[in-house]
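The entries below follow the order in which I checked them.

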Amino acid sequence: MPPHPPSPLLASAELPKSCEGDPVFAEPWQAIAFAMTVRLHEQGVFSWSEWAEALSAELYKPERRADGSDYYECWVAALSRLVTELSITSGSELEALVKSWQRAAEATPHGKPIALGNDPLR
């Protein structure tokens, strides 16, 4: 069986790579989203085929960037969709949490870690 051709996503100049050329996380939130996905799968919340279907649906939306530079935004969108579809959380609860994080980010002094407790409405 011939080896699979390299993914065009891995060839993207927009995705960060290690010195060896392997893809790496550009931001801590990307690693956290990845870890959350793995953990939810390990807990049996969804199968890898369900995950692959959700991620693929996000990656191939017409408004997505062809160079893959929004890969982790697709990852978060797929994870958000799955947790709402599987009733882990509601869309309104998820949206409220997103807004809370945004307020926390705006209220956090530059150079300090963003903490949800920084949301002035909490």
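I find 6 salt bridges in the structure, taking a salt bridge as a side-chain nitrogen of Lys or Arg within 4 Å of a carboxyl oxygen of Asp or Glu. The model is predicted, so I kept to its limits: local features need pLDDT of at least 70, side-chain atom pairs count only at pLDDT 80 or more, and totals for chains, interfaces and linings use all residues. Residues are numbered from 1 along each chain as its sequence is written, and side-chain values use heavy atoms, with hydrogens and water left out.

I looked up Asp-119 and noted its salt bridge with Arg-103, where the closest N and O atoms are 2.9 Å apart. Asp-119 lies in the segment after helix 4 and Arg-103 in helix 4, so this pair ties together parts 16 residues apart in sequence; helices here are DSSP runs (H or I, at least four residues), numbered from the N terminus. Asp-119 is buried at 2% relative accessible area, whereas Arg-103 is partly exposed at 27% (buried means under 20%, exposed over 50%, partly exposed in between, with a 1.4 Å probe and protein chains only).

I then turned to Arg-64, which forms a salt bridge with Asp-70 at 3.8 Å between the closest N and O atoms, and I recorded Asp-70 as buried, with a relative accessible area of 6%.

Within helix 1, I found Arg-39 and Glu-42 placed 3 residues apart, about one turn of the helix, and joined by a salt bridge whose closest N and O atoms are 3.7 Å apart.

Conventions: Helices (H or I, at least four residues) and strands (E, at least two) are DSSP runs, numbered from the N terminus.
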